[in-house]
Amino acid sequence: MNREERELRKEAEALMRQLTLEEKVGMVHGAELFRTAPVERLGIPALTMSDGPMGVRQEFEPASWKCVGNHDDYVTYLPCNSALASTWNRELARLTGEVLGAEARGRGKDVILGPGVNIKRSPLCGRNFEYFSEDPFLTKEMAVPYIQGVQNWDVAACVKHFAANNQETQRLWVDVKIDERALREIYLPAFHDAVRKGNSYTVMGAYNKIYTEHCCQSGFLLNQILRKEWGYEGVVVSDWGGVHDTQAAAFSGLDIEMSVTDNFDGYYMAEPLRKMVEEGKIPEEVVDEKVVHILMLMKRLHMLDGKRKSGTYNAPKHRQAALDVARESVVLLKNARGRLPLSPEKTKEILVVGENADWMHAPGGGSAEIKALYEVTPLMGIKMLLGGNTKVSYVKGYCQDPKEEAQGAQDKNWQADSLKDGGGTKGAHSSSEALTQYRRLLREEAVTKAKGFEQVIFIGGLNHEQDCEGNDRADMKLPYEQDCLIEELLEVNPDTVIVLVGGSPVEMGRWIGRAGSVLWSWYAGMEGGNALAEVLFGKTNPSGKLPESFYKSPMDCPAHIWGNFGEKETADYAEGVFVGYRYLDAYHVEPEFCFGHGLSYTSFAYGQVELVKENGKVYVDCQIANTGGMDGKEAVQIYLAPKGRTEEEPVRQLKGFGKIFLKSGEEKKLRIEIEGYSENMEVWAGSSLNDIRVRAVERI
């Protein structure tokens, strides 16, 4: 603790001593669904929180999940964290945080509940779209500037979910069995850097158990690691409904209990806590420490001194930021016959097929749902770019499963429902005879039309029925019989461009060998349709790279081979550190598309790569040249490989990256700092994990 922090704590302790026990208890639990109790006589305000990994969530009534219903809570809809990670651009991560912080402050929020930094252990996790990557280094390198951007606006980031929260099935009670090496090498580094380098003012506990303890009241996670080892002085907030025992929560490092129900006085850290303190079962000093952390947070946010920044929301520059991120998030997976980019001038007619072409994703996903000011769909983006000179026809081609009631409807508390019976399920698709027949008719209509068009673009993939809080996918298959549709489209029009939207990979084996051009888009925010159109028609050169391995099937994923996923009682992380590409690399399993993969409309040549040591840090200097005919950006990836590798070590690990813009024919040097280098390691630079270009040599 430095001098400034000691002074901050001293001031907070002085204010805490003026509080009654009842006032203290009011500050350590929810008095509303997103707000703690104020202490008006001392000028201590309520602490107001909001969901918001992709934008500040809409307003709810204080004690129910009914939307307030006003029109003043529309906000900028930002690309999801998976999309952000695909940019491999720290500056865009910082910019995303700045937008989120400004809009949270503009909406009167004190804490924004993000970013999510959980590792993508399995492609079936329903909340993967909220997370960055399967790799801890890429995750933390994107999370730290994101947090710094948020907190620049006197708003606290809340890094979540601490820790090993990697499935939705039975999310409240599943007990994670993991060796400590894997925990510390894979699942904790992003949290460590979030609090130590990003200085995240708050941390959210996870729903699951680890070593038999619920994470939100875990002595091991919250006391030993977070408070003692990492010296964390910030506020720890429970996930909503993640506390199960008053004493365990009180003696852990948890500071605030939040939940989804309106019996606020009945929360474990409400009246039950007050009574146990009065009965001498819990020392009041335990509560005092929690209140001190909260008051320190309020002082950091200038909530008590009148010097707080004001924010704004729906600013034009925020929409521009959303577009900037979306542009760099699109991943060109395949362009075998060079069909892309399409020429707007030469394209006189075009057929767009697929429900995702005209679907808005902002309202779904669980707590990530956004009340967006607007959302440009891919179909709208294509039409806006072409400007009326090209005739654009559209057919659905497939349809979602019918729903009786939309998630988040005003008279339905899906939040509380999602915690019933242990919380979380595995999704399944509808398959009634009538639905199958209707989809067949949609498919026949699309295929018949495609025969008459020179250019067809299919836009499909997933939606927030699959990528959603409280729901894991049952498999990696494309839903709604899309595989059949894609196969038939390629049969009648081999040059059909395939565009997929989603938060996790899907199986492509039935048609990927026949598809010439394949693009991957994520939930790319309010400007996602414009960004996708720009990439399709060459106005933007794609520079996105996959932040995770795209498996051919779930049985290529180590969580499903060695460990288990989606079990009711335990999640056995038997794969240890061999998560994602670390497993594929070590056991020679070929993915559909590897970690770091992403093509461009231009080409990049890697020249000499030198290893440089300066001021106690290690860098690589890379000579990169744009040897193609189009300006573009390249994400250069640095992997470290042990020279005398043992079976317990990964073959290669990402330990540095940088992104560079080069005009056609231009060459520049890019300096990249690397982490964890030692002399018994080789240093490799490449365009992806499986496209390593050159080995670094040490500068003499």
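Visitor: Experimental or predicted?
Guide: This is a predicted model.

Visitor: How many helices and strands does the protein have?
Guide: There are 19 helices and 27 strands.

Visitor: What's the radius of gyration, and what would a compact globule have?
Guide: The protein has 25 Å. A compact globule with 700 residues would be near 27 Å, so the value agrees. Along the principal axes, the C-alpha atoms fill a box of roughly 80 × 70 × 50 Å.

Visitor: What share of the residues is buried?
Guide: Buried residues are 64% of the 700. The protein exposes about 25,200 Å². Carbon and sulfur atoms supply 47% of that area.

Visitor: And the contacts? What share joins residues 24 or more positions apart?
Guide: That share is 78%, counted among contacts with a separation of 6 or more.

Visitor: On to strands. Is strand 5 buried or exposed?
Guide: Buried. Strand 5 covers residues 156-162, and seven of the seven are buried. It is therefore largely enclosed by the rest of the structure.

Visitor: Which strands does it pair with?
Guide: Strand 4, residues 111-113, pairs with strand 5 in the parallel sense over two bridges. Ile-112 stands opposite Ala-157 there. The chain gets from strand 4 to strand 5 through helix 5, residues 136-151. That β-α-β crossover is right-handed. Strand 5 also pairs with strand 7, residues 202-205, in the parallel sense over three bridges. In that pairing, Cys-158 stands opposite Thr-202.

Visitor: How does strand 19 pair with strand 6?
Guide: In the parallel sense, over three bridges. Strand 6 is residues 175-177. Val-176 stands opposite Ala-571 of strand 19.

Visitor: Switching to loops. Where does Gly-503 lie?
Guide: In the loop between strand 17 (497-501) and strand 18 (517-521).

Visitor: Buried or exposed?
Guide: Gly-503 is buried, at a relative accessible area of 0%.

Visitor: What does Gly-503 touch?
Guide: Leaving out residues up to four places away in sequence, its contacts include Ser-82, Lys-120, Asn-128 and Phe-129. Leu-462, Asp-467 and Glu-548 are also among them. So much for the chain's own order: Trp-520, Trp-522 and Tyr-523 are on that list as well.

Visitor: How far is Gly-503 from Arg-121?
Guide: They are 13 Å apart in space, C-alpha to C-alpha. In sequence they are 382 residues apart.

Visitor: Last one, Thr-540. Where is it found?
Guide: Thr-540 is in the loop between helix 17 (528-536) and helix 18 (558-561). It has 12% relative accessibility and counts as buried, because the cut-off is under 20%.

Visitor: Which side chain does Thr-540 have a polar contact with?
Guide: With that of Glu-534, at 2.7 Å. Setting aside neighbours within four places in sequence, Thr-540 is also in contact with Arg-327, Val-535, Tyr-601 and Met-630.

Notes: Residues are numbered from 1 along each chain as its sequence is written. Side-chain values use heavy atoms; hydrogens and water are left out. Helices (H or I, at least four residues) and strands (E, at least two) are DSSP runs, numbered from the N terminus. Buried means under 20% relative accessible area, exposed over 50%, partly exposed in between (1.4 Å probe, protein chains only). Contact means heavy atoms within 4.5 Å. Two strands pair if DSSP finds at least two bridges between them. A polar contact is a pair of N or O atoms within 3.5 Å; within protein, one must be able to donate a hydrogen and the other to accept it, and residues adjacent in sequence count only if both atoms are side-chain atoms. A crossover is right-handed if, with the strands pointing away from the viewer, the path from the first strand over the helix to the second runs clockwise. The radius of gyration is taken over C-alpha atoms; the globule rule is 2.2 Å times the number of residues to the power 0.38. Accessible areas come from the Shrake-Rupley method with a 1.4 Å probe; for residues, only the protein chains shown count as cover.
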